[in-house]
Amino acid sequence: MLPLVIQLFPLWALLLSVLAFVQPELFVGLKGQIVPLLTVIMLCMGLTLSFKDFRNVLASRKALLIGVVLQFSVMPLVALLIATLFGFDAELTVGMLLVGSVAGGTSSNVMCYLAKGDTALSISMTAISTLLGVVLTPVLVALLVGQSVDVPVQSMLISLLQVVVAPVLLGVVINYLAGGLIRKLEPVLPLFSMTAIVLIIAIVVALNAGNIAHIGGIVALAVVLHNSCGLLLGYGITALMGFDRKVCRTIAFEVGLQNSGLAAALAMKFFTPAAALPGTLFSVWHNISGSLLAGYWAKKPLVDTVVSGEIVNKA
């Protein structure tokens, strides 16, 4: 029953978003809880990681390096391109860039597992990009829009240390000290994360109820394009570089699925509710697209096929 509840995350997010849009007063008062909720999400992520996951970096250095480079180059640049093409104002442009400049989302690990990708690599990439994002996220946003928008780089850096690094490292330490207990609790950890994400989405929707009625459709289209480009380029570039399909699937999810809850929280804290709209819509959509793609790849397991005397790894 619990796995089904968790798998239906997009449905709960959609239902609570509709409720927040129709009855925004139910959630507007919870604005101050966005950061604490995000802290819960990052703590749950840390509890699922171990020091071994970070050591796995050494086993897949090349794939990890390429994945992280794509993560912090493809997504922010595509976000800026889409925002420019759609003629977004400064608020929405910052929102798109925040989505593009944060680390990969924890949902990428689940999608990777379901799609028969390299789960160990996925976890390592998420962990490393999360830590690197503490510095890279504010720096990238400042570099790309700093001339037209005041980006509080130092404040964002301190906030990310508090909201991301501290709870993640605390979770890793707790996992190390009480691994047996954490393994018993592990099945319910995604439920806590999902609940926190859904609440963040609802709060941001409530705060943006007026904006959604006017610009929700165009922002949703931009988000779908952004996510699609991330998945496509993450897979396509690594395939062209000669990585096997298992790694390509993994990096596709890592690049295309973002920690958009963090993006929405940063937008609320340092910018405006409108800037949080892209992150909110991305949170719902990337779980839908990721689930669909994972389901498709799961039905097409990796096989070795002999072509002209050579073994070719194909999906």
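The points below are grouped by topic.

This is a predicted model, in which local features need pLDDT of at least 70 and side-chain atom pairs count only at pLDDT 80 or more, while totals for chains, interfaces and linings use all residues. Residues are numbered from 1 along each chain as its sequence is written, and side-chain values use heavy atoms, with hydrogens and water left out. Helices (H or I, at least four residues) are DSSP runs numbered from the N terminus, as are strands (E, at least two).

**Aromatic rings and charges**

- The structure holds 3 aromatic pairs, where rings of Phe, Tyr and Trp (its six-membered ring) pair if their centres lie within 6.5 Å, and planes under 30 degrees apart count as stacked, over 60 as edge-to-face and the rest as tilted.
- The rings of Phe 253 and Trp 297 have centres 5.5 Å apart and planes at 85 degrees, so this pair is edge-to-face.
- This pair links distant parts of the chain, since Phe 253 belongs to helix H15 (residues 245–256) and Trp 297 to helix H17 (residues 277–298), 44 residues apart.
- Phe 253 is buried at a relative accessible area of 0%, and Trp 297 is buried at 8%, where buried means under 20% relative accessible area, exposed over 50% and partly exposed in between (1.4 Å probe, protein chains only).
- The charged end of Lys 62 sits over the ring of Phe 243, 5.4 Å from its centre, and the charged end of Lys 269 sits over the ring of Phe 270, 5.7 Å from its centre; the term requires NZ of Lys or CZ of Arg within 6 Å of the ring centre and within 35 degrees of the ring normal.

**Helix packing around H17**

- H15 and H17 pack with their axes 11 Å apart and at an angle of about 170 degrees, where axes are lines fitted to C-alpha atoms, for helices over the stretch in contact, and angles run from 0 to 180 degrees between N-to-C directions.
- That angle makes H15 roughly antiparallel to H17, given that angles under 35 degrees count as roughly parallel, over 145 as roughly antiparallel, 65 to 115 as roughly perpendicular and the rest as oblique.
- On the H15 side the contact (heavy atoms within 4.5 Å) is made by Arg 249, Ala 252, Phe 253 and Gly 256, and on the H17 side by Phe 282, Gly 290, Leu 293, Ala 294 and Trp 297.
- The axes of helix H13 (residues 189–207) and H17 come within 10 Å and cross at roughly 140 degrees, which makes H13 oblique to H17.
- H13 passes H17 in a left-handed crossing, meaning that the near helix is turned anticlockwise from the far one by less than a right angle, whereas clockwise would be right-handed.
- Where these two helices meet, H13 contributes Ile 201, Val 204 and Val 205, and H17 contributes Leu 277, Thr 280, Ser 283 and Val 284.

- Pro 76 lies in helix H7 (residues 74–85) and is buried, with a relative accessible area of 1%.
- Not counting residues up to four places away in sequence, Pro 76 touches Gln 71, Leu 97, Gly 100, Ser 101, Leu 140 and Leu 144.
- H7 and H10 pack at an angle of about 35 degrees with their axes 11 Å apart, and H7 passes H10 in a right-handed crossing.
- In this packing, Pro 76, Leu 77 and Leu 80 of H7 meet Leu 140, Leu 144 and Val 145 of H10.

**Buried and exposed positions in other helices**

- Ile 203, found in helix H13, is buried with a relative accessible area of 0%.
- The C-alpha atoms of Ile 203 and Ile 34 are separated by 7.8 Å, although the two lie 169 residues apart along the chain.
- Beyond its neighbours within four places in sequence, Ile 203 is in contact with Phe 27, Leu 30, Lys 31, Ile 34 and Leu 37.
- Helix H6 (residues 61–71) has Ala 63, Leu 64, Ile 66, Gly 67, Val 68, Leu 70 and Gln 71 buried, and what covers them includes H7, helix H8 (90–101), H10, helix H14 (209–240) and H15.
- Leu 65, also placed in helix H6, counts as exposed at 54% relative accessibility.
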